[in-house]
Amino acid sequence: MGVTRKQSATERSAIPQRSIRLTLFVSALFFALNFCVLGSFAQSVATGAPQQNNGNAASLSSAAATLRRSPQNSASNDRQSDLRIEVSFPQAVSQKPITGRVFVIVARREAPEPRIQVGSWDSHVPFFAEDVNQLAPGQAAVITADTLGFPFKSLRDLAPGDYYLQVVFNLYTEFHRSDGHTIWAHMDQWEGQQFNESPGNFYSDVQKVHLDPAAHYEVKMVLSKVIPPVPAPPDTDRVKHIKIQSKWLSDFWGHPFYIGATVLLPKGYESHPRASYPVIYIQDHFTPRPPFGYSTQDSPIGNPEQMGSYNRITGYQFHQHWDGPNFPRMIAVTFLHPTPYFDDSYAVNSVNNGPYGDALLKEMVPYLEEHFRIIRKSYARVLTGGSTGGWESLALQVLHPEFFGGTWTFYPDPIDFRRYQLVDIYSDASAFLAPGYDPPIPERPLERTVEGQEDVTIRQMSQFEAVLGSHGRSAQQLEAWEAVYGPVGEDGYPRPLWDKLTGKIDHSVAEYMRDHGYDLRYYLEKNWPQIGRQLVGKIHIYCGDMDNYFLNLAVYKMEDFLKKTTNPYYAGSFEYGRPMKGHGWSPVNDAQLVRMMAAHIAKHASRGENTAAWHY
């Protein structure tokens, strides 16, 4: 999934991560927050717990923060209205007004920096945010008790105590799109839509303050630093990094847009100049890591038992196979295609993201085939990926059945929207509550452990995204899906599938997603008579029976359809990890997977093809 970063094929050498990059409480805490006395609960938890190019790429003056206490007033509403955190920036940072979103992070720990403590799914650090429009130097953006936060909804819910405050400003760019809409959104700076680490964004020094919701307080913070650029990873004899401007995307967005690729070459590529090679297109989140995590540097294994249970090997172990004897020589490629709404486009065209499918298949693939000795035939192009990359690998195969020769898809994001995780988006009224279940019945979880313990609810995730960005600009999973699959709204931003604060589903959005080909099971069933023969033997799907994000449920639905196909029969495979195999499970390690794909390619090679040329 791309809700945080869920594991993908490139990350298979690592211990499975619960890939929703988000700052979340476990469901038990959220239940208490909504149904217990906020004051006592908040105390118990809190104490435990460019876009517009300004020419600045390094730290500037130190941030200044002052705390002013006002006389206490007995009126509770007056006290709460006087909880203020003011954020400004000097001309030394930018001489022009700025538009974007300001974040205030309120941490109990000074290190690492509070801005680094948020943005990750396993952090419990509160933060609050507001949109800012054309804020001039010296003017203040204000966070008040009415500002929505996460996991606490308001500053008034924080327990009295000492905190470390830091502010971040996520800069937006104005886009004049070819569809006639003008919107503001964050232009990725080749960091993968990480607002707290994106080059060009502003941030402050860390300031220790005492906050007490029962007293008037006003904190003033100054944005005085600029996040520096991300250094480009170096090329090696095996790994090459590609970045090209896309005309398709630049024309759509009215702004220069780039796509990239990381290429892993086989052993002997230079010493076999007449050999051409099959290619593995690995679908993944935005990552500078080489395909399959390839690394010539050995590193400690974090959890050997779990890696063994999930059939993982390290990047160094994969290198030993890839560069070792008697291994099929192939080229492996990961795409880099961040959007203004997420770190990844899902490799398809959409009305919100633009023509990313065209950019990848009509610009990037031809570029790679021109610059590397890749066999330019469908049998020699294969796909794989997990989570977000799993959906992409299946979508690319299904939507382009003649172009690719097969997909090995792992724990994909929902491929049947009757099981959009636990939600049937076509018939359910609410994303938060299952039909027939009313409060105080527990709400729907979004994440679980492999033993069934609920970790995160859909309501929590929705609130988290609402705080990260308005108008679908959270750069998180639920809204990433809406940007890819859904219609554009009258304001130019993606129309939400459900209200992030109430959970009410908009069925017209669901129907749009289905009717425009993003519900892959529905698309296959509708079009099987036309495309089935081009997909025979090409679809292979794998998933754990206790996928942490309930993604196995949609896989079961897909299997139900494909195993009943006739004229032709799909002739692919499904395999499930049991018992208690979660997100990231694979029946084979990466080296074994490459051998499987190589055998498939050799079996289906065109008559007269010299497959021995890439077996040396």
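Q: How do the residues of the lining of the largest cavity divide into nonpolar, polar and charged?

A: In this scheme Ala, Val, Leu, Ile, Met, Phe, Trp, Tyr, Cys and Pro count as nonpolar, Asp, Glu, Lys and Arg as charged, and the others, Gly among them, as polar. Here the lining has six nonpolar, eight polar and two charged residues. The model is predicted: local features need pLDDT of at least 70, side-chain atom pairs count only at pLDDT 80 or more, and totals for chains, interfaces and linings use all residues. Residues are numbered from 1 along each chain as its sequence is written, and side-chain values use heavy atoms, with hydrogens and water left out.

Q: How much space lies in the largest cavity, and which residues are closest to its centre?

A: A cavity is a set of points, on a 1 Å grid over the protein atoms alone, where a 1.4 Å probe fits but cannot get out; lining residues have an atom within 4 Å of a point. Grid points are joined across faces, edges and corners, and the volume is the space filled by probe spheres set on the points. The largest cavity holds about 150 Å³. Of its 16 lining residues, Gln 193, Phe 195, Leu 468, Ser 474 and Ala 475 are the closest to the centre.

Q: How many aromatic pairs does a search of the whole structure find?

A: Rings of Phe, Tyr and Trp (its six-membered ring) pair if their centres lie within 6.5 Å; planes under 30 degrees apart count as stacked, over 60 as edge-to-face and the rest as tilted. The search finds 33 such pairs. One of them, Phe 403 with Phe 404, is edge-to-face, at 5.0 Å centre to centre and 85 degrees between the planes. Tyr 569 and Tyr 570 also form an edge-to-face pair, at 5.1 Å and 70 degrees.

Q: Is Tyr 570 buried or exposed?

A: Buried means under 20% relative accessible area, exposed over 50%, and partly exposed in between (1.4 Å probe, protein chains only). Tyr 570 is buried because its relative accessibility is 1%, whereas Tyr 569, at 42%, is partly exposed. In the other pair, Phe 404 is buried at 1% and Phe 403 is partly exposed at 26%.

Q: Over which ring does the charged end of Arg 108 sit?

A: A charge sits over a ring if NZ of Lys or CZ of Arg is within 6 Å of the ring centre and within 35 degrees of the ring normal. The charged end of Arg 108 sits over the ring of Tyr 163, 4.1 Å from its centre. That of Arg 177 sits over the ring of Trp 253, at 5.4 Å.

How values were computed
1 Å grid on protein atoms, 1.4 Å probe; cavity = no way out; pocket = protein on both sides within 12 Å on 5 of 7 lines; lining within 4 Å.
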